[in-house]
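Here is a short briefing to read alongside the model. Please keep the sequence and the 3D view open as you go through the points.

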Amino acid sequence: GKKTRFYAFAGGSVEKAILNKFRIPTDSDPIFYSESVKGVQLSAAAGFGVTFALTDYLGFYVDPSVRYYFDCGQPVSIRTQQPLTMSLELGFRFNL
């Protein structure tokens, strides 16, 4: 109908980390370590959404989605430890 719109989306991303930097606590002074990161992080995403029209130019949207980060030899992070993530975006959309 005119008040509700449904849609689906899919895509991917390529991300490049510049530097991997961390701090190692010790009993005396901490040790700082940094190294450059080789390669890129690839991911794929898909989801669906619904927009509820509040006026001709303003709508409220809900976008649940899922994203998977592929094993690309990147440093340990939340993306390497939990490669499958789910998200829920809510907000207002302005239509021009």
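Is serine 87 buried, partly exposed or exposed? With a relative accessible area of 35%, serine 87 is partly exposed, because that value falls between the 20% and 50% cut-offs. Please bear in mind that this is a predicted model.

**Serine 87 and its surroundings**

- Serine 87 sits in strand E6, which covers residues 84–94.
- Leaving aside residues up to four places away in sequence, serine 87 touches Asp63, Pro64 and Ser65.
- One of these neighbours, serine 65, makes a polar contact with serine 87, side chain to side chain, at 2.9 Å.
- Glycine 47 is 40 residues from serine 87 in sequence, and their C-alpha atoms are 9.3 Å apart in space.

**Salt bridges**

- How many salt bridges does a search of the whole structure find? The search finds 2.
- In one of them, the side chains of arginine 79 and glutamate 15 meet with an N to O distance of 2.4 Å. Arginine 79 belongs to helix H1 (residues 78–81) and glutamate 15 to strand E1, so this pair ties together parts that are 64 residues apart in sequence.
- Arginine 79 counts as partly exposed at 30% relative accessibility, and glutamate 15 counts as partly exposed at 26%.
- Aspartate 63 forms a salt bridge with arginine 93, where the closest N and O atoms are 4.0 Å apart. This pair links distant parts of the chain, with aspartate 63 in strand E5 and arginine 93 in strand E6, 30 residues apart.
- Aspartate 63 has a relative accessible area of 8% and is therefore buried, the cut-off being under 20%. Arginine 93, at 28%, is partly exposed.
- Aspartate 63 is also among the residues that serine 87 touches.

**Threonine 51**

- Threonine 51 has its place in strand E4.
- Why does threonine 51 count as buried? Its relative accessibility is 12%, and buried means under 20%.
- The side chain of threonine 51 makes a polar contact with the side chain of arginine 93 at 3.1 Å. Arginine 93 is also the salt-bridge partner of aspartate 63.
- Not counting residues up to four places away in sequence, threonine 51 touches several residues, including Lys3, Thr4, Arg5 and Tyr7. Gly59, Phe60, Tyr61 and Arg93 are also among its contacts.

**The largest pocket**

- The volume of the largest pocket is about 210 Å³.
- By class, the lining holds 2 nonpolar, 5 polar and 5 charged residues.

**The second largest pocket**

- The second largest pocket has a volume of about 160 Å³.
- Glu15 and Arg79 are among its lining residues, and their side chains meet in a salt bridge.
- The lining also includes Lys16, Ala17, Leu19, Asn20, Val37 and Gln41, along with Gln74, Pro75, Val76 and Ser77.
- Divided by class, the lining has 5 nonpolar, 4 polar and 3 charged residues.

How values were computed. Residues numbered from 1 in each chain as written. Predicted model: local features only at pLDDT ≥ 70, side-chain atom pairs only at ≥ 80, totals over all residues. Heavy atoms only, no water. Helix = DSSP H or I, 4+ residues; strand = E, 2+ residues; numbered from the N terminus. Buried < 20%, exposed > 50% of the residue type's maximum accessible area, 1.4 Å probe, protein only. Contact = heavy atoms within 4.5 Å. Polar contact = N/O pair within 3.5 Å; in protein donor to acceptor, adjacent residues only side chain to side chain. 1 Å grid on protein atoms, 1.4 Å probe; cavity = no way out; pocket = protein on both sides within 12 Å on 5 of 7 lines; lining within 4 Å. Points joined across faces, edges and corners; volume = space filled by probe spheres on them. Nonpolar A, V, L, I, M, F, W, Y, C, P; charged D, E, K, R; others polar.
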